Each structure stands twice: as C-alpha cells, then as structure tokens.
Amino acid sequence: MPESFLSSNESIVLKIPSLQHGMDVFNLVARCPPLDANSSYCNLLQCSHFSETSVAAYMGDEMVGFVSAYRIPDHPHILFIWQVAVAERARGRGLASLMVGHILERPQCASVTYLETSITQSNAASWAFFKRLAQRLRADLNSTSWMEKDVHFDGQHDSEKRVCLGPFRLNQH
C-alpha cells in the first residue's frame, strides 16, 4: 500500500495467522460490534486454511487486528475480504489498510486485481474504510444487492451489499 503506518507508542506486529491464533480472533471479533461473530471452529479454519490470505496484528501479546480473506476459487483474480476487525485501542492508526496491504503484497496475491466484500447498508465504518481503500488503490468501487434479509437470511440478518473494488495493479517486488 502506498501509505505508511506509524503507531504512536507501541509497535504493531503483523503475522500470518496459524491455528493457535484462532481463539484470539474469536475474542477480538466479540469486542468489535457490529461484526458477526463466527464459531470458534470457523475462526480456527480462517487461521489455518485461509492463513496465506489473512493477517493478524498484535500489540505485545494482544491481538488488536485481524483480516480474514480468501481468493474466490472460480475467480482467483478476486480477493474476498471476509472480515476486518480492529480493537478499539488500535483504531485511527490506519491498521485496517495496513493489514489489507500486507495481504495484497504476498506472492499468493500477485494476480489479484479486484477486492470484494459484503457490507450491510448500516455499517458506516466499513463503507468509509472500503471507500478510502478504493481511493488508495485508485480503483472504482461498485456495490450491488447480494444477500437479501428475507430471501437469504430468513429475516434474521440485515441485507448485505456486494462491494467490488477494481481493477487495480500493485507494484509487487
């Protein structure tokens, strides 16, 4: 990512997650409403099966950020950002952008030219983040209806918009 990241007093270390980070993800997401909590088993899978396209951020021993993502199997040029979580104490420092940039710079993402995610209409923080990210990547941002409250969620979850950023090209080393 073209933007640098500076923490105030404590440094943040980014790691490729592994199985032992799963419960840290579970606990972080629980502290980050309005994010949907997944099962701890799901978080363990994110940290193992999707580790090469996910990132964990730590301040000392505390996980303060996590991005789970995966390349869509039928569309390997698209990285789907499943969830972005940043602890309150690490907000306002550009950590979410740093984490996504960290993933995009990996060799596994060399062919990625689009990002996708889903966002509920009411999640202002996520909309703002992905709009800023589109600007940084010099990419278009488009959204369409995707998962509908009454059709897909049986009325138990707000509708989700599919958000697409791209195309973009990164300068990879």
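Let's start at R138, which lies in the loop between helix 4 (124–136) and strand 6 (141–147). Helices here are DSSP runs of H or I of at least four residues, strands are E runs of at least two, and both are numbered from the N terminus. Phi of R138 is near 55 degrees, a positive value in a residue other than glycine. R138 counts as exposed because its relative accessibility is 76%. The cut-offs: buried is under 20% relative accessible area, exposed is over 50%, partly exposed is in between, with a 1.4 Å probe and protein chains only.

Some ground rules. This is a predicted model, where local features need pLDDT of at least 70, side-chain atom pairs count only at pLDDT 80 or more, and totals for chains, interfaces and linings use all residues. Residues are numbered from 1 along each chain as its sequence is written, and side-chain values use heavy atoms, with hydrogens and water left out.

Next, D154. D154 sits in the loop between helix 5 (149–152) and strand 7. D154 is not a glycine, yet its phi is positive, about 50 degrees. At 60% relative accessibility, D154 counts as exposed.

Now the cis peptides. One joins P33 and P34, with omega about 10 degrees. P34 falls in the loop between helix 1 (22–30) and helix 2 (40–48). Another cis bond joins G166 and P167, with omega about 0 degrees. P167 is in the segment after strand 7 (160–165).

Step back to the fold. The protein has 5 helices and 7 strands. From the N terminus on, the order is β-α-α-β-β-β-α-β-α-β-α-β.

Overall dimensions. Along the principal axes, the C-alpha atoms fill a box of roughly 45 × 35 × 30 Å. Buried residues make up 42% of the 173.

Contacts, meaning heavy atoms within 4.5 Å. Of those between residues at least 6 apart in sequence, 64% join residues at least 24 apart.

Last, confidence. pLDDT is the predictor's confidence in each residue, from 0 to 100. The mean is 91, and 93% of residues reach 70 or more. Where does pLDDT stay under 50? Over residues 1–7, for which the model has 15 contacts beyond four places in sequence.
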